[in-house]
Amino acid sequence: MESAMAASPGGTLLRRWPVALGALVAVGTVLVLHHGGQAASVVAASGFVYLAAAATGRPGAAWAAFGVTFVLVGLGLAPTGFDPVPWICAAALGLAAVGVVRVGLRPAWSLPLQAAAMLVLGAAALLAVRADHVTGGIVVSVALFAHAAWDVWHHRTGRVVPRTLAEFCGVLDVLLGVGVLVVTLTM
């Protein structure tokens with residue numbers, strides 16, 4: 001029964017919901033951008049969701065962290081004047097500290113690697129927010145493409161986050177990276 005559903009077009013579509021969701025979020029984000037640097041919060045959020053899974057030792061925590069960052073990024077994209085990047089970075093520091101206490105360094109590579117990635121992505125996001133629009137947009141786009149490679153590695157290895165999140169995030173990062181470049185170079 002399950003193989004018949006997987007072979008049907010509807011079954012394939014159901015299995016690919018992360019791709020559809022990633023594309024939807026990317027397109028929705030690009031449509032509200034006035035300049036590429038505005039998507040810097042997505043860069044910080046991309047590191048945060050992986051860090052959440054590593055810090056808790058629970059892959060599914062990445063989806064919960066995505067929900068939190070989705071709200072913060074949305075507030076940042078709305079005309080509120082709210083900048084979610086420093087808040088996401090501060091929350092990441094707290095999360096890393098909790099992770100060291102809660103799960104320690106088991107496995108030894110997980111939390112340190114995700115914390116290092118968050119540090120790089122957070123720094124890129126902070127730089128993009130403070131840079132001029134063109135530089136900020138290019139920094140965001142490069143960071144998103146780099147994170148897409150991170151997503152592919154995690155999807156292939158099945159480590160840290162659920163494969164559905166890595167798949168969703170990879171599609172989001174690539175499409176949003178292209179969209180940010182287009183917005184940056186045409187506005």
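Read along the sequence, the protein runs α-α-α-α-α-α-α-α-α, which comes to 9 helices and 0 strands. Here helices (H or I, at least four residues) and strands (E, at least two) are DSSP runs, numbered from the N terminus. The model is a predicted one, so local features are taken at pLDDT of at least 70 and side-chain atom pairs at pLDDT 80 or more, while totals for chains, interfaces and linings use all residues. Residues are numbered from 1 along each chain as its sequence is written, and side-chain values use heavy atoms, with hydrogens and water left out.

Of the 187 residues of the protein, 43% count as buried; buried means under 20% relative accessible area, exposed means over 50%, and partly exposed is in between (1.4 Å probe, protein chains only). Contact, from here on, means heavy atoms within 4.5 Å. Among contacts between residues at least 6 apart in sequence, 76% join residues at least 24 apart.

Now for how the helices pack. Helix α4 (residues 40-56) and helix α7 (residues 110-130) have axes that come within 8 Å and cross at roughly 165 degrees. That makes α4 roughly antiparallel to α7. The axes are lines fitted to C-alpha atoms, for helices over the stretch in contact, and the angles run from 0 to 180 degrees between N-to-C directions. As for the wording, angles under 35 degrees count as roughly parallel, over 145 as roughly antiparallel, 65 to 115 as roughly perpendicular and the rest as oblique. The α4 and α7 crossing is left-handed, a label that applies if the near helix is turned anticlockwise from the far one by less than a right angle, with right-handed used if the turn is clockwise. On the α4 side, the contact includes Ala40, Val43, Ser46, Gly47 and Tyr50, and on the α7 side it includes Gln114, Met118, Leu121 and Ala124. By class, the residues of this contact divide into 16 nonpolar, 4 polar and no charged. In this scheme Ala, Val, Leu, Ile, Met, Phe, Trp, Tyr, Cys and Pro count as nonpolar, Asp, Glu, Lys and Arg as charged, and the others, Gly among them, as polar.

Val43 gives a closer look at α4, the helix where it sits. With 2% relative accessibility, Val43 counts as buried. Leaving aside neighbours within four places in sequence, Val43 is in contact with Leu121, Ala124, Ala125, Val140, Ala143 and Leu144. One of these, Ala124, is 81 residues from Val43 in sequence, yet the two are 7.6 Å apart in space, C-alpha to C-alpha.

Another pair to look at is α3 and α9, whose axes are 8 Å apart and pack at an angle of about 25 degrees. That makes α3 roughly parallel to α9. Here α3 passes α9 in a right-handed crossing. Residues of α3 including Trp17, Leu21, Val25 and Thr29 meet residues of α9 including Glu167, Phe168, Leu172 and Leu176. The contact of α3 with α9 has 14 nonpolar, 4 polar and 1 charged residues.

Helix α9 also packs with α8: their axes come within 8 Å and cross at roughly 160 degrees. The two helices are therefore roughly antiparallel to each other, and α8 passes α9 in a left-handed crossing. By class, this contact has 13 nonpolar, 10 polar and 5 charged residues. His147 lies in helix α8 (residues 133-157) and, at 2% relative accessibility, counts as buried. Not counting residues up to four places away in sequence, His147 touches Ser46, Gly47, Tyr50, Leu121, Cys169 and Asp173.

In the loop between α8 and α9 sits Val160, with a phi near 70 degrees, a positive value in a residue other than glycine. Most residues other than glycine have a negative phi. At 12% relative accessibility, Val160 counts as buried.

Finally, there are the charges. Side chains of opposite charge can pair when their charged atoms come close. With a salt bridge taken as a side-chain nitrogen of Lys or Arg within 4 Å of a carboxyl oxygen of Asp or Glu, the count comes to 1. Arg16 forms a salt bridge with Glu167, the closest N and O atoms being 2.8 Å apart. The pair links distant parts of the chain, 151 residues apart: Arg16 is in the loop between α2 (9-15) and α3 (17-32), and Glu167 is in helix α9 (residues 163-186). Arg16 is partly exposed, with a relative accessible area of 40%, whereas Glu167 counts as buried at 16% relative accessibility.
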